[in-house]
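Biologist: Could you take me through this chain? I'd like to start with the overall layout and then go into the helix packing.

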Amino acid sequence: MTMTKQEKMEQPPLDRWRADAVLDPERKIWGLGQIAEVLGVSVDKARALAKLPEVPIYRPAGSGSYFAFRSELMTWLRGKC
């Protein structure tokens, strides 16, 4: 089935965020630097957000590393808008 020009125009463009969500929604994001980049904030802001219980950024006990699941971050971020 071929899409019409109108149908093609109605779909949002496939940007890097949508592509990641479609291709690998459960991918882990490691480190505050990458988490901050995904959220579009500074590393300091990501560190502050990680302290809030409602933000899906995790730091396993005994570990100095933070991680997040891309799908959870995107869901949380969409809920903020």
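Modeller: What follows goes from the overall layout to the helix packing and then to one residue.

Modeller: This is a predicted model, in which local features need pLDDT of at least 70 and side-chain atom pairs count only at pLDDT 80 or more, while totals for chains, interfaces and linings use all residues. Residues are numbered from 1 along each chain as its sequence is written, and side-chain values use heavy atoms, with hydrogens and water left out.

Biologist: How many helices and strands does the chain have, and in what order do they run?

Modeller: The chain has five helices and two strands, and from the N terminus on the order is α-α-β-α-α-β-α. Helices (H or I, at least four residues) and strands (E, at least two) are DSSP runs, numbered from the N terminus.

Biologist: What share of the 81 residues is buried?

Modeller: Buried residues make up 26% of the 81, where buried means under 20% relative accessible area, exposed over 50% and partly exposed in between, with a 1.4 Å probe and protein chains only.

Biologist: OK, at what angle do α3 and α5 pack?

Modeller: Helix α3 (residues 32-39) and helix α5 (residues 70-80) pack at about 40°, with their axes 11 Å apart. That makes α3 oblique to α5, given that angles under 35 degrees count as roughly parallel, over 145 as roughly antiparallel, 65 to 115 as roughly perpendicular and the rest as oblique. Axes here are lines fitted to C-alpha atoms, for helices over the stretch in contact, and angles run from 0 to 180 degrees between N-to-C directions.

Biologist: Which residues meet there?

Modeller: From α3, Ile35, Val38 and Leu39 meet Arg70, Leu73, Met74, Trp76 and Leu77 of α5, a contact meaning heavy atoms within 4.5 Å.

Biologist: And which residues of α3 are buried?

Modeller: Leu32, Ile35, Ala36, Val38 and Leu39 are buried in α3. They cover an arc of only 160° around the axis, so they sit on the same side of α3; the arc is that of the directions from the helix axis to the C-beta atoms.

Biologist: Switching to α4, which residues are buried there?

Modeller: In helix α4 (residues 43-50) they are Ala46, Leu49 and Ala50. These fall within an arc of 100° seen down the axis of α4, so they line one face of the helix, and their cover includes α3 and α5.

Biologist: Back to Arg70: is it buried or exposed?

Modeller: Arg70, which lies in helix α5, is buried, with a relative accessible area of 5%. The C-alpha atoms of Arg70 and Glu26 are separated by 6.1 Å, although the two are 44 residues apart along the chain.
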